Amino acid sequence: TPGAGNIPDCWNRLDNHEKLVQQMEENIPRAAAAGCPNVITFSGNRKGMPDGEGLENCVKGLNRVKKLAEEKGVTINLELLNSKVNHKDYMADHTAWGVELCKRVGSPRMKLLYDIYHMQIMEGDVIRTIRDNFAFLGHFHTGGVPGRHEIDETQELNYRAIAAAIADLGFTDYLAHEFSPTAPDQIKSLEKAYEICNV
């Protein structure tokens with residue numbers, strides 16, 4: 001469900017805040033009315049900005065919408081993306097940066113979208129990172145590494161073990177498959193992904 005902004009232009013720029021707040025004020029109630037538990041948003045690209053300044057700016061903006069999210073029971077998930085391969089210059093490219101953001105906003109409705117594909121590229125150590133930061137993770141995306149294709153035995157991550165670790169932590173929300181199948185029968189690729197993660 002859309003929350004506000006886009007990948008390169010979002011909360012780390014103060015001059016974006018009025019527009020982003022307006023979008024959140026529209027989309028959070030829409031999500032609540034539709035029974036969607038989450039909305040997604042982004043940090044924005046650095047464009048020469050230090051990470052600390054961007055973090056402070058994101059906190060200022062997200063503090064303006066956290067009360068609405070709390071009232072509506074909708075979680076704002078800021079997506080972690082890799083800046084190495086797919087999203088050059090993206091600011092929220094490490095879990096620690098995102099966790100610090102969540103701590104500073106200080107709301108149970110402010111969490112991270114932990115994209116497993118992206119964080120494998122940037123950090124690795126996926127299961128330990130999920131376990132250590134689970135309180136700040138609200139949503140998950142999958143994708144094969146390398147290439148963001150099928151999550152099967154052709155790539156470097158053991159998604160069954162990752163899914164089991166997430167389930168063992170008590171996660172009962174959605175694990176979203178966000179990959180580009182290479183097989184001719186894309187539905188079979190999705191079915192296999194479901195089987196792998198159905199722990």
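**Stop one: helix 8**

Start with Ser 189, Ala 193, Ile 196 and Cys 197, which are buried in helix 8 (buried is under 20% relative accessible area, exposed over 50%, with a 1.4 Å probe and protein chains only). They sit on the same side of helix 8, because they cover an arc of only 85° around the axis, taken from the directions from the helix axis to the C-beta atoms.

A word on the model: it is predicted, so local features need pLDDT of at least 70 and side-chain atom pairs 80 or more, while totals for chains, interfaces and linings use all residues. Residues are numbered from 1 along each chain as its sequence is written, and side-chain values use heavy atoms, without hydrogens and water.

Helices here are DSSP runs of H or I with at least four residues, strands runs of E with at least two, numbered from the N terminus. Next, select helix 7 (159-168) and strand 5 (175-177): the buried residues of helix 8 pack against both, with contact meaning heavy atoms within 4.5 Å. Then pick Asp 185, which caps the N-terminal end of helix 8, with a side-chain oxygen 3.2 Å from the backbone nitrogen of Ile 187.

Definitions and conventions: Polar contact = N/O pair within 3.5 Å; in protein donor to acceptor, adjacent residues only side chain to side chain.
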